[in-house]
Amino acid sequence: MLYAPCPTHAQDSKARDLYVQGNKLFTERKPEEAITFMQEAIKRSPEFLDAHIKLGQLYEFRKRYEAALASFQNAIRLQPDPAVTGVAFQSVSSLLMRQGRYAEALPVLERYLTAFAPQSAQASRIQRLIATAKFGQEAMQNPQSVTPRPVSPTLQTTLSQYFPVLTADEQTLVFTALKAEGDEDLQVSTFTGETWNAPVSISQAINTPDNEGTASLSADGRMLVYTACQNRAGLGGCDLYVSRKTGSEWSAPQNLGPVVNSRFYESQPSLSADGRRLYFVSDRPGGLGKRDVWRTDLDPDGNWQTPVNLGAPVNTPFNEASPFIHANGRSLFFASDGHVGMGGYDLFVSDNPTGTDAPKSWSQPVNLGYPINNADDQASLFVTANGTRAYYSYEEQKEGVSQKSRLYMFDLPESLRERVKPVSYLKGTIVDARTKKPLPATIELIDLATKQVINRITADAQTGQYTSVLPSGGEYALYVSVPGYLFKSLSFDFTRKTKGDGLTLSVPLEPISTGKDAARETLNNIFFESGRYDLADKSRTELSRLVDFLKTNPTVKIEIAGHTDDQGEAATNLNLSKKRAQAVVDYLAKAGIEAGRIQATGYGETKPLVPNTTEENRRLNRRIEWHVL
């Protein structure tokens with residue numbers, strides 16, 4: 001409601017009549033005519049305080065912000081006591097803050113504060129604005145090295161585009177598109193290597209005449225969680241839905257159900273890279289504020305668990321929004337109007353170095369700074385797996401009024417790259433080694449130091465394609481398995497790797513066969529000290545997979561074969577290869593595999609895979625193989 005005091009400050013009866021008539025015109029929804037009457041009232045009585053305030057409010061209503069600011073400032077010049085002209089002080093500070101004019105807003109706010117008791121709610125609100133103005137002023141004096149640029153004009157096919165998300169390889173982009181008729185849909189575009197293709201509807205199974213938006217993708221782009229509001233199948237105003245992609249088709253969306261969704265607001269989902277953890281925003285009971293960030297996990301049976309509030313320091317008594325969990329599973333980006341920022345919603349990052357769920361495991365959120373944040377609301381941010389680029393939606397404005405939202409990107413500044421631990425990705429196709437038929441293989445990534453499963457995904461049942469995130473800075477084993485096939489083990493030593501470069505690797509799996517057709521597989525994650533046959537502790541992950549294979553296939557008998565390079569005496573190498581093979585057999589026997597099903601053979605240096613001409617080739621020749629007898 002606009003300010004409507006009695007026109008007691010007017011000395012001219014004609015000015016009072018113009019003021020009253022102007023108010024009447026506004027109630028009749030004729031704001032431009034009302035402005036004319038207020039202007040005339042001020043001409044007749046330049047010190048007509050109430051008319052200056054009313055004119056400022058009319059200008060603000062019509063989004064003529066500079067004119068509004070001038071009118072409110074005139075009112076303050078006429079009466080500088082904030083106890084009398086508090087509405088003008090509030091409006092001037094609000095308009096200046098909205099435009100990022102923090103240095104001008106600060107003295108106005110500090111004077112306005114004197115009108116209230118120190119412990120009052122109004123004083124607390126103004127003190128938060130003062131903190132915002134000081135932060136904004138400091139941030140603009142120390143800007144981040146950021147140059148935002150539009151992603152591509154080919155994406156601008158609708159009124160606005162926002163909430164971009166991408167696959168780990170940055171080849172697929174999904175975003176929310178606002179159409180002229182007011183309908184929100186999910187659109188998808190693919191990267192050609194040089195530019196983005198024209199976007200299309202993600203699926204007729206997902207988009208409807210109602211609104212669908214704010215989606216999240218798993219790293220491989222085959223699991224989608226999104227928001228739909230006022231849906232007849234929903235449990236509340238806005239609910240979360242899931243769809244999965246097989247081949248080129250998306251499944252019929254399913255409501256995540258009453259464990260995740262409620263009669264309250266659930267929206268703005270963010271999936272972990274493997275699709276097994278989901279962050280989202282809700283105003284359900286049990287939070288710290290109005291809208292909070294919550295988290296739920298998918299159990300081994302495919303059921304979402306009871307959501308957990310992230311608590312402080314991420315959540316505040318105010319609003320948090322649009323969480324985004326980076327592919328490293330450790331860096332959480334989100335928007336908030338509760339943490340000190342530059343006004344409205346700012347973007348922040350909080351880290352969870354251990355990846356645990358312990359209380360206060362998240363670090364104190366850090367504002368991303370200017371110009372990533374500014375006086376406008378910042379809605380969301382997506383940071384690529386390799387930690388080098390960020391995508392977001394930018395509100396293009398004209399004369400201080402938002403016109404449209406477009407997708408923008410920028411290179412992450414060094415200050416943020418140091419926080420975001422990059423990850424690599426591995427992608428390819430799993431096929432039958434003999435028929436080349438695609439296989440729906442299970443791919444597991446395991447940290448050899450902790451023996452923890454970092455990632456578990458399934459290749460596409462129709463295409464055999466997969467994408468798995470590979471963390472940097474450690475040693476990892478990758479296992480690819482399908483019932484009826486020999487499992488494949490791969491190893492990745494990223495101990496010194498800090499860049500998140502992607503890898504492409506197609507994996508052929510050999511069907512279980514015997515005799516001369518039996519294929520040989522290398523156990524790539526069996527480790528020995530140089531010249532020794534004691535199994536290193538990090539070999540247990542590989543050996544456990546071999547134990548599982550043998551227990552799943554109880555009639556299978558295998559040979560464990562040891563091989564060396566050609567360094568040293570041939571007899572010594574032969575003896576070492578036998579002892580290493582026997583060490584593996586002994587481990588299997590202790591794990592419950594019948595001795596008659598496993599045999600050890602040493603071949604020494606007699607069967608090299610490649611010539612022993614380089615250190616890398618010699619490393620490949622030092623190996624433990626296995627095959628079905």
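This is a predicted model: local features need pLDDT of at least 70, side-chain atom pairs count only at pLDDT 80 or more; totals for chains, interfaces and linings use all residues.

Residues are numbered from 1 along each chain as its sequence is written, and side-chain values use heavy atoms, with hydrogens and water left out.

Entry on K451 and its partner. I found the side chains of D537 and K451 joined by a salt bridge at 2.8 Å, N to O, the term standing for a side-chain nitrogen of Lys or Arg within 4 Å of a carboxyl oxygen of Asp or Glu. D537 lies in the loop between β30 (520–522) and α9 (540–552) and K451 in the loop between β23 and β24, so the pair ties together parts that are 86 residues apart in sequence. Helices (H or I, at least four residues) and strands (E, at least two) are DSSP runs, numbered from the N terminus. D537 is partly exposed as well, because its relative accessibility is 45%.

I read a count of 34 salt bridges for the structure. D297 forms one with R277, the closest N and O atoms being 2.5 Å apart; this pair links distant parts of the chain, with D297 in strand β13 (residues 292–297) and R277 in strand β12 (residues 277–282), 20 residues apart. Both D297 and R277 are buried. D297 also has a salt bridge with R295, for which the closest N and O atoms are 3.4 Å apart, and R295 is buried too.

Entry on the sheet. I traced four strands that form an open, antiparallel sheet in the order β24-β23-β26-β27, two strands being paired if DSSP finds at least two bridges between them. The edge strands, each pairing on one side only, are β24 (453–458) and β27 (488–493). Neighbouring strands of this sheet are turned by 15 degrees against each other on average, direction ignored. Strands β23 (residues 442–447) and β26 (residues 475–481) pair in the antiparallel sense over six bridges, and T442 stands opposite S481 in β26.

How values were computed. Axes are lines fitted to C-alpha atoms, for helices over the stretch in contact, and angles run from 0 to 180 degrees between N-to-C directions. Buried means under 20% relative accessible area, exposed over 50%, partly exposed in between (1.4 Å probe, protein chains only).
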